[in-house]
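Here is a note for a colleague who is opening this model now. Please keep the sequence and the 3D view side by side while reading.

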Amino acid sequence: AGRFDAALVERVVRSNLIAPAYCIEAALPLLLRGDRPHLVGVGSSVTWLPLPRAEAYGASKAGLRYLLQALRLDLAAQGVDVTLVSPGFVDTPLTRRNDFPMPMRWPVERAAQHILERLEQRPLEIAFPAPFIAGLRLLSWLPARLQFAIGRRLARPDSHG
């Protein structure tokens with residue numbers, strides 16, 4: 001908190017929420033010309049539970065989750081399916097720079113194959129790996145005080161501000 005960077009939040013929200021909104025704006029007219037339009041957005045599993053040091057990323061992906069879920073409602077009458085992909089940790093050059101544990105991290109090839117296979121079913125959401133997602137979802141149902149206590153234990157001492 002003592003080193004909060006609003007400019008960083010703005011950059012991350014611009015990349016993870018505003019840029020996808022512009023892509024959706026450009027893609028929708030093209031999708032609506034197709035037989036079975038399908039809009040897919042890549043969110044994150046972080047949206048189920050606040051995590052330390054994930055303020056900008058989590059907020060941007062939570063915004064994207066809401067955007068896609070609301071669009072799903074608005075586009076249903078036009079026959080557009082909307083799928084939100086909410087991966088856990090995927091081994092990419094970007095995640096390799098993280099300095100915190102990333103449990104159940106999947107290789108990018110495995111994640112891509114899983115997403116591709118599931119997209120054929122046009123689900124509302126694709127979330128993986130299942131045990132990691134189940135743990136996050138269970139924790140998200142805890143009372144806010146317990147979530148806070150768990151989050152504090154996960155935070156590094158220097159991230160408390």
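The points below go from the sheet to the cores, and then to single residues.

1. Basis. This is a predicted model; local features need pLDDT of at least 70, side-chain atom pairs count only at pLDDT 80 or more, and totals for chains, interfaces and linings use all residues. Residues are numbered from 1 along each chain as its sequence is written, and side-chain values use heavy atoms, with hydrogens and water left out.

2. The sheet. Start with the open sheet: 3 strands, in the order β1-β2-β5, with parallel pairing. Strands (E, at least two residues) and helices (H or I, at least four) are DSSP runs, numbered from the N terminus. Two strands pair if DSSP finds at least two bridges between them. β1 and β5 are the edge strands, each pairing on one side only. On average, neighbouring strands are turned by 15° against each other, direction ignored.

3. A closer look at one pair. β2 and β5 run parallel over 4 bridges. Ser86 has its bridge partner in β5, namely Ala127. α3 packs on the sheet and touches β1, β2 and β5. Its direction makes about 150° with that of β5. Axes here are lines fitted to C-alpha atoms, for helices over the stretch in contact, and angles run from 0 to 180 degrees between N-to-C directions. Contact means heavy atoms within 4.5 Å.

4. The largest core. Which elements give two or more residues to the largest nonpolar core? The core has 11 residues, including Leu17, Ile24, Leu39, Leu68, Val82 and Leu84. The elements in question are α1 (6-31), α2 and β2 (81-87). α2 gives the most, with 4 residues. Another core lies apart from it, with 7 residues, among them Trp48, Leu49, Met102 and Ile133. A nonpolar core is a set of buried Ala, Val, Leu, Ile, Met, Phe, Trp, Tyr and Cys residues joined through side-chain atoms within 4.5 Å. Buried means under 20% relative accessible area, exposed over 50%, and partly exposed in between (1.4 Å probe, protein chains only). In soluble globular proteins, nonpolar side chains tend to be buried together.

5. Leu84 lies in strand β2. Its relative accessible area is 1%, so Leu84 is buried. Beyond four places in sequence, Leu84 contacts several residues, including Gly41, Gly43, Leu68 and Ile126. The C-alpha atoms of Leu84 and Val42 are 6.0 Å apart, although 42 residues separate the two along the chain. Leu68 touches Ile24, Leu39, Gly41, Val82 and Leu84, leaving out residues up to four places away in sequence.

6. Backbone points to check. A cis peptide bond joins Phe128 and Pro129, with omega about -5°. Pro129 sits in the loop between β5 (125-128) and α4 (130-140). Arg53 is not a glycine, yet has a positive phi of about 65°. Arg53 is in the loop between β1 (38-42) and α2 (55-75). Arg122, also not a glycine, has a positive phi of about 55°. Arg122 is in the loop between α3 (108-119) and β5.

7. Buried or exposed? Arg53 is partly exposed, because its relative accessible area is 37%. Arg122 counts as buried, at 19% relative accessibility.

8. A charge over a ring. Arg110 lies over the face of Trp106, 4.0 Å from the ring centre. The rule asks for NZ of Lys or CZ of Arg within 6 Å of the ring centre and within 35 degrees of the ring normal.
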